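Hi everyone, thanks for making time this morning. Let's walk through a structure together, one region after another.

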Amino acid sequence: MKKFAVFMLAFTATVFLAFGIVYAKKSGLLKAYPDAVYMSPEMAETRIAYQNLNETEKAVYTALYNGILQKSEYIELPFEISGKTYEKIYFNIEKQEPEFFFLAGDFYSAEKIRTAQIIYRDDSDSFDSRKNALESERNKIMQKISGYDDFEKLLYIHDYIAENCNYIESGKDYIETAFGCLVEKNANCEGYAKAFKYLCDGIGIPCTVAVGITSDGINHAWNQVQINGIWYNVDVTWDDCDDEFEKVHTYFLCSDKDFSSHTPDSDLMPVFECISDSENYYTKKDAFIKIQDDAERILSNRLADISENIELKFSDSYTYNEFKNVYMNNQRIFDILSEKNPDALNSEIRCFMKEFEGNCVIILRFLRKV
């Protein structure tokens, strides 16, 4: 009797175990989660945010990347992670993978996550046409800069975005994306920054989208980019004049010293120290004025051709104001113009000046009176 009872108990336990396994499989409690896979060295090379993750985070990033590439709504992760870790990884994918213009900034979260649910801003019917339009814009720009060195490539990309995109803060569906900036020509700061990174990715220059706040306490996005192993700050949004002057280069390849108005958020993504001015626009273009002898020399060289704007940066406010007094108020600039480019004075010439006093930058624009 005891042996029979033991047999019945064992049989019953086996039945319940088998039933439990079937139930768990049907209910999703036992899932075949994917193995951990990682990006190839070639893919990881310019993905700075990915490089700064630990091994578990890299595997989750890769799973999300591959799933989003397939437009999957539900993506099984190789590891269960906390909601906070998921936020960090998703935030980096949404900000640092600008080709995912169809990916929403909003996301689902929970205390623990093993299956990610993705929100898309695009329906599948319109995806291919928009993707092709974005790639077409990039290909046109890549053809233009073929053969340029890295500085000239970045300068062209910066100027192209500033000249061709209109800054808006609302009213369009894609203003936060590279698609909005490059195809629809309307974007906010995040769209500008993602477009800049999208084009840098196309030429293999390491670049990140940085987010944070400005000195006015406003949320903002910009870029950090690497040339010859050295990191620099770039803010195309703030360099877009949105007027007849079109663009300025105050925030192009800057050190942190000239970028103090920006405070990046380093909690969710990598932020790099930028200490060099060697690739700064005003250094490379011989447009940095420390003393008035610099101004005399630079203007003598630049006034030979007044078809383009002349952009100057000054070492301090004293030099800045002295230049205005000597060359603008006392019109010394026209004396130099008559010496170096006398033909320009065959008709009446007007000189317009745009000031960025806080940055000690001036743009000069010459126009013939019609």
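Let me begin with a definition: a charge sits over a ring if NZ of Lys or CZ of Arg is within 6 Å of the ring centre and within 35 degrees of the ring normal. By that rule, Arg138 lies over the face of Tyr198, at 4.2 Å from the ring centre. Another case is Arg365, whose charged end sits over the ring of Phe245, 6.0 Å from its centre.

Before going on, a word on what you are looking at. This is a predicted model, in which local features need pLDDT of at least 70 and side-chain atom pairs count only at pLDDT 80 or more, while totals for chains, interfaces and linings use all residues. Residues are numbered from 1 along each chain as its sequence is written, and side-chain values use heavy atoms, with hydrogens and water left out.

Now to the helices. When I say helix or strand, I mean DSSP runs, with helices (H or I) of at least four residues and strands (E) of at least two, numbered from the N terminus. Please find helix H5, residues 83–96. Its 14 residues reach 19 Å from the first C-alpha to the last, close to the 20 Å expected at 1.5 Å a residue; the expected span is 1.5 Å times one less than the number of residues.

Is H5 mostly covered or mostly open? It is mostly covered, with 10 of its 14 residues buried. Buried here means under 20% relative accessible area, exposed means over 50%, and partly exposed is in between, using a 1.4 Å probe and protein chains only. Among the buried ones are Gly83, Tyr86, Ile89 and Phe91. What covers them includes helix H4 (55–69), strand E1 (74–82) and helix H9 (189–203).

Asn92 counts as buried because its relative accessibility is 2%. Not counting residues up to four places away in sequence, Asn92 touches Ala49, Tyr61, Glu97, Leu268, Met269 and Pro270; contact means heavy atoms within 4.5 Å.

Over in helix H4 we have Thr62, which counts as buried at 4% relative accessibility. Leaving aside neighbours within four places in sequence, Thr62 is in contact with Val37, Tyr38, Met39 and Tyr50.

Which of its residues are buried? They are Ile333, Ile336 and Leu337. These cover an arc of only 105° around the axis, so they are on the same side of H14; the arc is that of the directions from the helix axis to the C-beta atoms. As a reminder, an α-helix has 3.6 residues a turn, so residues three or four places apart point the same way. The buried residues of H14 pack against helices H12 (292–302) and H13 (317–329), along with strands E12 (349–356) and E13 (361–368).

Next, the interior. A nonpolar core is a set of buried Ala, Val, Leu, Ile, Met, Phe, Trp, Tyr and Cys residues joined through side-chain atoms within 4.5 Å. The largest one has 91 residues, and Leu64, Ile161 and Leu364 touch the most other members. Helix H7, residues 150–164, gives the most to this core, with seven residues. Apart from it lies another core, of eight residues, including Cys189 and Val211.

On to the aromatics. Rings of Phe, Tyr and Trp (its six-membered ring) pair if their centres lie within 6.5 Å; planes under 30 degrees apart count as stacked, over 60 as edge-to-face and the rest as tilted. How many aromatic pairs does the structure hold? There are 25. Take Phe314 and Tyr320: their ring centres are 5.7 Å apart and their planes are at 85°, so the pair is edge-to-face. Phe314 counts as buried at 2% relative accessibility, and Tyr320 does at 1%.

One aromatic cluster includes Tyr65, Tyr120, Phe127 and Phe102. Phe102 is found in the loop between H5 and E2, and counts as buried at 2% relative accessibility. Beyond neighbours within four places in sequence, the contacts of Phe102 include Ile68, Lys71 and Arg121.

That brings us to Lys71, in the loop between H4 and E1. Lys71 has a positive phi of about 60° although it is not a glycine. Most residues other than glycine have a negative phi. Asp286 also has a positive phi, of about 50°, and counts as partly exposed at 34% relative accessibility.
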